[in-house]
Amino acid sequence: MKENGSSRKQGAPSPCAACKLLRRRCAQDCVFAPYFPADEPQKFANVHKVFGASNVNKMLQELPEHQRGDAVSSMVYEANARVRDPVYGCVGAISSLQQQIDVLQTQLALAQAEVVHLKVRQTASFSNHGLSPASPSNSRSPSSKFMGSQARPIFDMDMMVDHTSLGMGESMWSC
C-alpha cells in the first residue's frame, strides 16, 4: 500500500483519508495512514460505512503489520461490494459468476456434442462410399470426387438441438 511517511514528516502533516473523514488530527503513528492515503477518500468512506472506523481500527491493531495490507484490501473489496449490493455483497457477485460458469459449461457441452455428432456423420458418410476418412485416396476434395454421382452431400447438417428445452431460449452462438 502507499506510504504517506515522507510527506507527513516534512512541514504540516497531510491527514490520511480516514482522519480527514473522521475530522481528527492525523498522528505520526496513525494506523490508517499507510492504507488509506489522502488522495483516495472514497476507499475509506466505503470501509467506514460498512465496518465502522472503530472496528477497522481494532482489526488492524490485532493483526501483525505484514498482514494488514491484505486485510485492508479484503475490507475495501467487501465494502465496495456491499455498497453496490447491500444484501448479498461479494457473495452476490460470486453467485452471478457461478451462474455464468454453469451456462457456459452447458453451451460447451452442447458444442462438443455437436462436434461428436458431425464426426460420426462424416465417418458414416465416408464408410457409405467405401472410403475411410484417413485414406490416401481421400486427399482430394470430396466435392470434386463425387460430382454428379452423389445424391446427398458428405457433410449433412440435419442435426437439430432444441435450445428452448435447455432454458436458453435463443441459439448459443448469438451475442
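Me: Which helix do the buried residues of helix 6 pack against?

Reply: They pack against helix 5. Some terms first: buried means under 20% relative accessible area, exposed means over 50%, and partly exposed lies in between (1.4 Å probe, protein chains only). A contact means heavy atoms within 4.5 Å. Helices (H or I, at least four residues) and strands (E, at least two) are DSSP runs, numbered from the N terminus. This is a predicted model, where local features need pLDDT of at least 70 and side-chain atom pairs count only at pLDDT 80 or more, while totals for chains, interfaces and linings use all residues. Residues are numbered from 1 along each chain as its sequence is written, and side-chain values use heavy atoms, with hydrogens and water left out.

Me: Which residues of helix 6 are buried, and how many residues does this helix have?

Reply: The buried ones are C90, G92, L110, A111, S125 and F126. Helix 6 has 39 residues and reaches 57 Å from first to last C-alpha, close to the expected 57 Å; the expected span is 1.5 Å times one less than the number of residues.

Me: And what do the buried residues of helix 5 pack against?

Reply: Their partners are helix 3 (41-51), helix 4 (53-62) and helix 6. Helix 5 covers residues 65-84 and spans 29 Å, close to the 28 Å expected. Its buried residues include G69, V72, M75, V76 and A79.

Me: How should I read the nonpolar core, and which residues touch the most other members?

Reply: In soluble globular proteins, nonpolar side chains tend to be buried together. A nonpolar core here is a set of buried Ala, Val, Leu, Ile, Met, Phe, Trp, Tyr and Cys residues joined through side-chain atoms within 4.5 Å. The largest one has 21 residues, and C16, C30, F32, F36, F44, L60 and V72 touch the most other members. Helices 2, 3, 4 and 5 each supply at least two residues of this core, with helix 5 giving the most, five.

Me: Where is L21, and which residues is L21 in contact with beyond its neighbours within four places in sequence?

Reply: L21 sits in helix 2 (residues 17-22) and touches F44, A45 and H48. The C-alpha atoms of L21 and F44 are 8.1 Å apart, although 23 residues separate the two in sequence. L21 is partly exposed because its relative accessibility is 40%.

Me: How many salt bridges does a search of the whole structure find?

Reply: Side chains of opposite charge can pair when their charged atoms come close. The cut-off for a salt bridge is a side-chain nitrogen of Lys or Arg within 4 Å of a carboxyl oxygen of Asp or Glu. The search finds two. One joins K43 and E40 at 3.4 Å, N to O; K43 counts as buried because its relative accessibility is 17%, and E40 is partly exposed at 25%. The other joins R82 and E78, with closest N and O atoms 2.9 Å apart. R82 and E78 both lie in helix 5, four residues apart, about one turn. E78 is buried at 18%, whereas R82 is partly exposed at 28%.

Me: Which residues make the nonpolar surface patch of about 330 Å²?

Reply: Patches are made of residues with over 30% relative accessible area and no salt bridge, with like charges joined within 9 Å and nonpolar side chains (Val, Leu, Ile, Met, Phe, Trp, Tyr) within 5 Å. Areas come from the Shrake-Rupley method with a 1.4 Å probe, and for residues only the protein chains shown count as cover. V87, Y88 and V91 make this patch. V91 lies in helix 6 and is exposed, at 52%.
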